[in-house]
Structure formats: C-alpha cells, structure tokens
Amino acid sequence: MSGSSDHDDRITRNAQAITDREMARLLENTPASKALFERAVKSMPGGVASSFQLGDPYPLYLDRGIGSHVWDVDGHDYIDFHNGFGSIAVGHANPIVAEAVAHAARTGMHFAVTVEKTVALAEELCRRFNCDQVRFTNSGTESNMTAIRVARSFTGRDVICKIEGSYHGHVDQLMYSCTPGAESMGGRDTPLATPKSKGMPKELDQWIRIVPFNDADAFERLLQAEGDRIAAMIMEPVMMNVGIILPQPGYLQKIRDLCTKYGVVLIFDEVKCGVTIASGGAAERFGVQPDLASWAKSIGGGAAIGAFGGKAEIMDEINRGAAHQGTYNGNPLSVAASLATLTQVLTPEAYVLFTHLGERLTGGLDKAIAEHGIPAVTVDLGCKGCVTYRSTPLTNYRDFLETNTELYHASYPWMINRGVFMTPGDEEQWTMSVLHSDADIDRYVDAFAEFCAELAA
Ligand SMILES: Cc1ncc(COP(=O)(O)O)c(C=O)c1O
C-alpha cells in the first residue's frame with residue numbers, strides 16, 4: 001500500500017482537508033486564548049514573551065501544569081508532550097523540585113554570592129558530564145556564547161564553525177544558517193552562512209563557517225583550507241531543531257579526532273540532549289567527549305539556569321582574562337531547583353523509565369505508520385523523540401527540507417483537539433517526563449493511530 005504515488009497523493013490531499021477541519025475546531029474551542037492574544041499583542045510583539053511561542057493565527061495560552069498535564073486558559077486538559085520545549089523532564093510542579101524552590105524562596109533567593117549548593121551543583125555537573133570545571137549562566141544562549149569566548153581565548157583564533165540547520169541560541173555570532181531557505185543556502189558541500197535575523201552586523205559573517213551534519217569529510221576540507229583560523233566547532237551531537245537527526249556511526253568520533261588534530265575546541269551544545277537522552281547526555285550515549293559542553297533546559301527542572309564546562313586547561317581561560325559575568329549566575333533559587341532535579345529526580349531509575357516510555361510510544365506509532373502506509377519515521381531517544389514525515393530517516397538539514405509539511409500541519413491541530421499538547425513547529429520534538437504514565441503514552445498512540453487511519457482513508 002505504501003510508496004505508490006497515488007497513495008501518497010491521497011494522504012497529502014486528506015491532510016489538507018484534516019488541517020482545515022481540525023484548525024476550525026481548534027479555533028472554535030479556544031475563545032479565551034484568542035481574547036488573551038488580542039490583549040497581549042498590545043503590550044508584547046506577537047502577543048508572546050519569546051518568538052518561539054508564536055502561533056497561527058494565535059498561540060494557545062496555558063494556565064497551569066501538574067505532573068504530565070497542562071490546562072489552557074479555556075480549561076482544556078492536555079497530556080503535555082511539549083514540556084516547555086524540552087525543559088520539564090521532571091514533570092510539572094514536581095513535588096521534590098517545588099519543595100526545593102519553596103525552601104530557597106524562604107531562605108533567600110538571591111545574593112550574587114556563591115552558596116554551598118552552587119558548589120554541589122557544579123560537582124554534580126562535573127560528575128555527570130566527565131568535566132573538570134563548570135560555570136553557570138541563565139540560559140542556553142548565554143552558555144554557548146560564553147563557551148565560544150573561552151574557546152577563542154584559549155586558541156587565539158577567531159573563526160567558529162557550526163552545522164547547517166542547527167540553532168544555538170539568539171546571539172548574533174551563532175545565528176547563521178539555523179533554518180536557511182533553499183534559495184539562500186548555497187551548495188551542499190559549501191553551505192553559505194545565512195543570517196537568521198535582521199539587525200545582525202553584516203561583517204559578522206566573516207567569523208563563521210557552516211558545514212553539513214554527518215559529513216566529516218566536509219569538515220576536514222574546511223580544516224585543510226583554514227584550520228589554523230578556527231577556534232571552535234560548536235555542534236549539537238544529535239540535531240534537535242529539525243525534528244531529530246542522529247549522528248551516523250563513527251561521525252562524532254571523526255569530528256573529535258579532526259578537532260584534536262587541528263587544535264580546534266570541540267563544543268557540544270547539550271542544551272536539549274543534556275540530561276534527557278542519558279544521565280550524561282549525548283557524550284555518554286554516543287561515547288565521545290568534547291572539550292567543552294553547554295547545558296540548559298532540563299537541568300533546571302523548570303527554573304531558568306544554564307551552564308558550560310569542560311577541561312580545566314580551557315576553563316582556566318576565565319582566570320586568565322576571558323570574561324564571564326552575570327548577576328544571576330548560580331543564584332540560590334535556580335540552583336535549588338537544578339540540584340534537586342539532578343540528584344533526586346533524574347536518578348538512574350528515571351532513565352530506565354524513559355527507555356520504557358520511549359519504546360512504548362515509538363512502538364505504538366511505528367505500528368500505526370506501517371499499518372496505514374504513512375510516509376513517516378520515528379526517532380526514539382528515551383524521553384525525547386519525534387515523528388518525521390518522510391519515508392527515510394534524516395541525515396542532515398537538507399533532508400529536513402524534503403519532509404511532507406502538509407502532514408505535520410494536519411497532525412498539530414488533530415493532536416491538540418484530542419488532548420495531546422504538542423510543540424507548535426515540525427522542527428521540535430516531544431519530551432516526556434518522569435511523571436508520564438503508560439496511560440498518557442497510550443492516549444498519544446491512540447490519537448495518532450486514528451490520524452493515520454484518516455490520512456489513508
Ligand atoms: C540546541 C539549543 N541550544 C541553545 C538554545 C538556546 O537556549 P535558550 O533558549 O535557553 O537560550 C536552544 C533553545 O532552544 C537549543 O535548542
């Protein structure tokens with residue numbers, strides 16, 4: 001049944017009809033979100049706090065979350081698979097984290113002086129990620145931007161290399177080729193550096209180079225040409241802003257070896273993979289150790305915190321003059337949430353649970369995909385995973401441009417209307433928490449199986 005173009009054409013036509021019908025239903029059901037949007041646009045561009053929260057024609061606004069559930073301002077109850085763009089692996093209002101935060105609130109939320117718990121958190125991060133030293137920030141963006149500065153200081157070089165289609169935060173120097181359009185991205189082997197935002201100084205692109213993911217040869221050619229100018233290679237070891245793209249066997253090790261050979265600092269951006277896909281993130285799961293790494297999102301259990309760290313000889317640049325400041329760095333409130341998260345919630349048992357949940361979810365989805373011949377594949381990385389609407393797995397950003405976006409557009413309102421809260425964008429993935437149950441997973445699987453049946457009807 002699958003693979004024939006008649007079948008695939010029918011699926012795409014059905015998807016368009018589903019999108020129209022389900023979006024109409026979603027809009028009809030969410031008048032309170034609409035009203036809040038109309039109020040919010042007056043005080044915030046787009047009516048949201050961050051552009052990632054935009055929605056078309058308006059975003060859904062949430063009221064509260066407990067465990068695996070969230071409620072929107074219209075009172076609808078959803079199972080949350082969005083989970084704060086991957087920040088809530090502990091589950092909403094996790095009692096252990098809530099108690100740690102309440103205690104910090106009662107005993108002093110902020111001193112701008114390092115407290116004992118900040119030291120304990122630094123030790124825990126060093127243990128998990130096999131590093132010598134870390135420093136704290138308030139976000140993934142800050143972690144990456146400071147890791148870059150430290151790498152430049154260590155090498156005495158200025159140019160940074162990044163992967164096409166990856167996002168490392170909204171700092172100017174890294175906002176290149178995050179989601180370049182086909183018309184501006186250049187040749188496959190020599191991608192152009194395409195600015196993601198207006199307002200970036202034009203000359204900044206002289207300090208950035210772009211290479212495709214899963215292509216160590218392209219990186220080697222770049223190093224042969226100008227390795228002595230390149231300070232750092234910053235990369236997500238698993239690409240997580242285009243669905244999920246896994247590194248092919250041996251790829252990360254080749255990048256590791258090339259960085260060593262050319263004296264380039266290898267930075268793993270583990271903001272999303274960090275404590276989600278394994279206790280020690282992608283470095284543990286794929287067995288490759290970077291020189292520096294950055295973390296944020298789920299390390300905080302919902303609190304705003306980031307960190308970066310790695311080898312002492314590189315981190316020591318901070319003592320030698322590479323500036324790293326921040327009023328709120330390592331503040332007691334965020335640290336309390338993070339320490340409770342890492343030492344009491346995301347324990348070895350949590351990762352056993354994540355493996356179970358991931359297998360149950362992708363197992364159910366794969367069955368529905370196969371039964372109805374849907375051009376889609378799943379990726380399972382424990383508490384994180386995704387469906388990509390393409391018949392074969394993605395290997396790099398350009399594959400992602402060939403996914404069937406009609407199917408994604410239909411799936412979003414379909415799932416929302418059936419109580420499954422998803423991220424607004426096919427570049428994201430699901431995140432489950434320690435408070436998700438088998439019943440929660442089955443709700444997703446059942447809704448998705450009905451969706452597949454409707455697509456193929
Ligand atoms: C891989 C990656 N790095 C960095 C960031 C930026 O993190 P933050 O939004 O905390 O600044 C993100 C955010 O989505 C991300 O996905």
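Select helix 14 first: its buried residues pack against helix 1 (5-29), strand 3 (77-80), strand 13 (420-421) and helix 15 (438-456). The model is predicted.

**Helix 14**

Show residues 405-417 and check the length of the helix. At 1.5 Å a residue, these 13 residues should span 18 Å, and the end C-alpha atoms are 19 Å apart, which agrees. Now colour by burial. Helix 14 is largely enclosed by the rest of the structure, because 10 of its 13 residues are buried. Among them are Leu 407, Tyr 408, Tyr 412, Trp 414 and Met 415; Pro 413 and Asn 417 also belong to the buried group.

Which residue caps the N-terminal end of helix 14? Select Asn 404: a side-chain oxygen of Asn 404 lies 3.0 Å from the backbone nitrogen of Glu 406. Past the other end of the selection, Gly 419 follows helix 14 and has a positive phi, near 80 degrees.

Strand 3 is paired with strand 13 in the parallel sense, over 2 bridges. Pick Asp 80 to find one of these pairings: its bridge partner in strand 13 is Phe 421.

Val 70 stands opposite Tyr 78 of strand 3. The two strands make a hairpin with 4 residues between them, and in the turn Gly 75 has a positive phi of about 90 degrees.

Select Gln 133 and look across to Gly 310 in strand 10, which stands opposite.

**The ligand**

Show the ligand and the 13 residues around it; those that come nearest are Gly 140, Thr 141, Asn 241, Asp 269 and Lys 297.

- Asn 241: a side-chain N or O atom is 3.1 Å from an oxygen atom of the ligand.
- Asp 269: a side-chain N or O atom is 2.7 Å from a nitrogen atom of the ligand.
- Lys 297: a polar side-chain atom lies 3.0 Å from an oxygen atom of the ligand.

Select Leu 246, in the loop between strand 7 and helix 8. With a relative accessible area of 36%, Leu 246 is partly exposed. Leaving aside neighbours within four places in sequence, its contacts are Phe 213, Asn 214, Val 238, Phe 286, Val 379 and Leu 381.

Then show strand 11 (377-381), an edge strand, as is strand 14 (430-431). The sheet is open, with 3 strands in the order 11-12-14 and antiparallel pairing. Strand 11 pairs with strand 12 (residues 384-388) over 5 bridges, and Val 377 has Thr 388 as its bridge partner. Helix 12 (residues 348-372) lies across strand 11, strand 12 and strand 14, and runs at about 175 degrees to strand 11.

**Asn 331**

The last stop is Asn 331, in the loop between helix 10 (312-315) and helix 11 (332-345). Is Asn 331 buried or exposed? At 9% relative accessibility, Asn 331 counts as buried, because the cut-off for buried is under 20%. A polar atom of its side chain lies 2.9 Å from the backbone nitrogen of Ser 334. Outside the four places on either side in sequence, Asn 331 is in contact with Met 109, His 110 and Asn 138.

Key: Residues numbered from 1 in each chain as written. Predicted model: local features only at pLDDT ≥ 70, side-chain atom pairs only at ≥ 80, totals over all residues. Heavy atoms only, no water. Expected span 1.5 Å × (residues − 1). Buried < 20%, exposed > 50% of the residue type's maximum accessible area, 1.4 Å probe, protein only. Contact = heavy atoms within 4.5 Å. Polar contact = N/O pair within 3.5 Å; in protein donor to acceptor, adjacent residues only side chain to side chain. Pairing = 2+ DSSP bridges. Axes fitted to C-alpha atoms, helices over the stretch in contact; angles between N-to-C directions. Near = heavy atom within 4 Å.
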